[in-house]
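Student: I'd like to learn how to read a structure like this one. Could we go through it together?

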Amino acid sequence: MEIAARGFLVTGGASGLGRACAEALARRGGRVVLVDRDAQAGAVAAASLGSAARFVEGDVTDTAAVQRAVDLARSEFGGLWGALNCAGILAGARVVGRKAPHDLELFMRVVHVNLVGTFNVVRLAAAAMVGNPPNHEGERGVIVNTASIAAWEGQIGQAAYAASKAGVAGMTLPLARDLAEHGIRVVAIAPGAFATPMMAALSAELQSSLESQIPFPSRMGKPAEFAALAMHVLENPMLNGSVIRIDGGLRMGPR
Ligand SMILES: NC(=O)c1ccc[n+]([C@@H]2O[C@H](COP(=O)([O-])OP(=O)(O)OC[C@H]3O[C@@H](n4cnc5c(N)ncnc54)[C@H](O)[C@@H]3O)[C@@H](O)[C@H]2O)c1
């Protein structure tokens, strides 16, 4: 699907991988509605893209906020053709901690944001895309979700995060099958370790352990490299129903 002059929605657009996607879309002439719960960073990110971007403060699990963003893409940019789900949270806790078992509330929060929030955006974005006039390939929209290689190789302390990302990976094919009749493609990208504020929040020890496990290139991925893949997914009509790893060959060990 062509990116230029079309409207897109990027969740988590205030930071890291989402912000890099918003920048890549704008560079290709796309128009972007950024959705993020961080009002300050979201406003800064949108302002840096000028007239190509708008910002909606909101939580991806909040139907009214996501609908506002979808409506804005249609009213300001003439339609919603792509949704890139990059909002997410990382939390680490052992199943049996030193003082207590894993906080159930924490487990539910991670699954709620990463999996339920992603699905919330998928369903509302797809409902809007269904009304688009198909392009020459019959495409009405493309949805790119962000899983993680933790979906298969979750480390110690990552039960909640890995479960949420396995959910994102697992729903990719049924979403693609479900939306095929409308000409909407769905792909998930599973990043390894990328240099973003989320990663920077981990201990230096954990970061260098991860880096040392990456065969080549033995460094964190750059957000622009993730964005380059997301742009390719948007542009290549044969990509559908798959989960694509981008990880420098990293297969995470238990810690
Ligand atoms: N950085 C990595 O190495 C890595 C690896 C694998 C997967 N991922 C996934 O990539 C995605 C982006 O991560 P990142 O590294 O850019 O993180 P980040 O923390 O830099 O950015 C995430 C953004 O999402 C926003 N956000 C969080 N919860 C939200 C919610 N409920 N509603 C709206 N916005 C919300 C945050 O405010 C933030 O701006 C996440 O889903 C993350 O799990 C990242």
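Tutor: Strands here are DSSP runs of E with at least two residues, helices are runs of H or I with at least four, and both are numbered from the N terminus. A word on the source: this is a predicted model, where local features need pLDDT of at least 70, side-chain atom pairs count only at pLDDT 80 or more, and totals for chains, interfaces and linings use all residues. Residues are numbered from 1 along each chain as its sequence is written.

Student: Which bond joins Phe-216 and Pro-217?

Tutor: A cis peptide bond, with omega about -5°. Pro-217 sits in the loop between helix 9 (204-212) and helix 10 (223-235).

Student: Where is Val-116, and what does Val-116 touch?

Tutor: Val-116 is in helix 4 (residues 104-129). Contact means that two C-beta atoms, placed from the backbone, lie within 7 Å. Leaving aside residues up to four places away in sequence, Val-116 touches Thr-61 and Val-111. Val-116 and Val-60 are 56 residues apart in sequence, yet 8.5 Å apart in space, C-alpha to C-alpha. With 14 other C-beta atoms within 10 Å, Val-116 is partly exposed.

Student: Which residues come nearest to the ligand?

Tutor: To be near, a residue needs its C-beta atom, placed from the backbone, within 6 Å of the molecule. Of the 30 residues around the ligand, Gly-12, Gly-16, Gly-88, Thr-196 and Met-198 come nearest. Helix 1 (16-27), helix 4 and helix 8 (197-200) each give the shell at least two residues.

Student: And how do I read the chain as a whole?

Tutor: Look at its make-up first: 10 helices and 7 strands. Then check the radius of gyration, taken over C-alpha atoms, against the globule rule, 2.2 Å times the number of residues to the power 0.38. The chain's value is 18 Å, close to the 18 Å that the rule gives for 255 residues, so the chain is as compact as a globular protein of that length. Of those 255 residues, 46% count as buried.

Terms used
A residue is buried if 20 or more other C-beta atoms lie within 10 Å of its own, exposed if 12 or fewer, and partly exposed in between; C-beta atoms are placed from the backbone.
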